[in-house]
Amino acid sequence: MTKRAGPAGRFGPRYGMTLRKKISEIEQVQRKRHVCPKCGMKALVRVSTGIWQCKKCGTKVAGPAYLPPSKEV
Ligand SMILES: [Zn+2]
C-alpha cells in the first residue's frame, strides 16, 4: 500500500504540484456524467480508459482516454 496524498497521490512526487493539480481536474471531469452522443441523455460514464458507456441506452463509445467523445451541455 502506497501512501496517498490527495486524489492524484498515486502518481507520487515525481510530477510536481502543477501537473498533479491538472490531473486532479481531469479526474473530476472524468467522474462527471457526460452527454450520450446517441440518446442525448446525460448518462455517459467512463467504464475504462477510452471507453464510455451510456447508463440510459447502453451505448458504448470509444473516445479519448481522458475525456468523452461528446462535449458537455
Ligand atoms: Zn445513451
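User: Which order do the strands of the open sheet have, and with what pairing?

Analyst: The four strands of this open sheet come in the order β1-β2-β3-β4, with antiparallel pairing. At the edges stand β1 (34–35) and β4 (60–62); each has a single partner strand, so one side of each is left without a neighbour in the sheet. Please keep in mind that this is a predicted model, where local features need pLDDT of at least 70, side-chain atom pairs count only at pLDDT 80 or more, and totals for chains, interfaces and linings use all residues. Residue numbers start from 1 along each chain as its sequence is written.

User: What makes two strands a pair?

Analyst: In general, strands of a sheet pair through backbone hydrogen bonds, either parallel or antiparallel. Here, two strands pair if DSSP finds at least two bridges between them. Helices (H or I, at least four residues) and strands (E, at least two) are DSSP runs, numbered from the N terminus.

User: Thanks! How many bridges join β1 and β2?

Analyst: Two bridges, in the antiparallel sense.

User: What joins β3 to β4?

Analyst: Strand β3 (residues 51–54) runs antiparallel to β4, and three bridges join them. In β4, Lys60 is the bridge partner of Gln53, while Val61 is that of Trp52. Their hairpin has five residues between the strands, and Gly58 takes a positive phi near 85°.

User: Which residues of β3 are on the covered face?

Analyst: The idea to start from is that in a regular strand the side chains alternate between the two faces of the sheet. In β3, Trp52 and Cys54 make up the covered face, whereas Ile51 and Gln53 are on the uncovered one.

User: Why does His34 count as buried?

Analyst: A residue is buried if 20 or more other C-beta atoms lie within 10 Å of its own, exposed if 12 or fewer, and partly exposed in between, with C-beta atoms placed from the backbone. His34 counts as buried because it has 24 C-beta neighbours inside 10 Å. Across the chain, buried residues make up 10% of the 73 residues.
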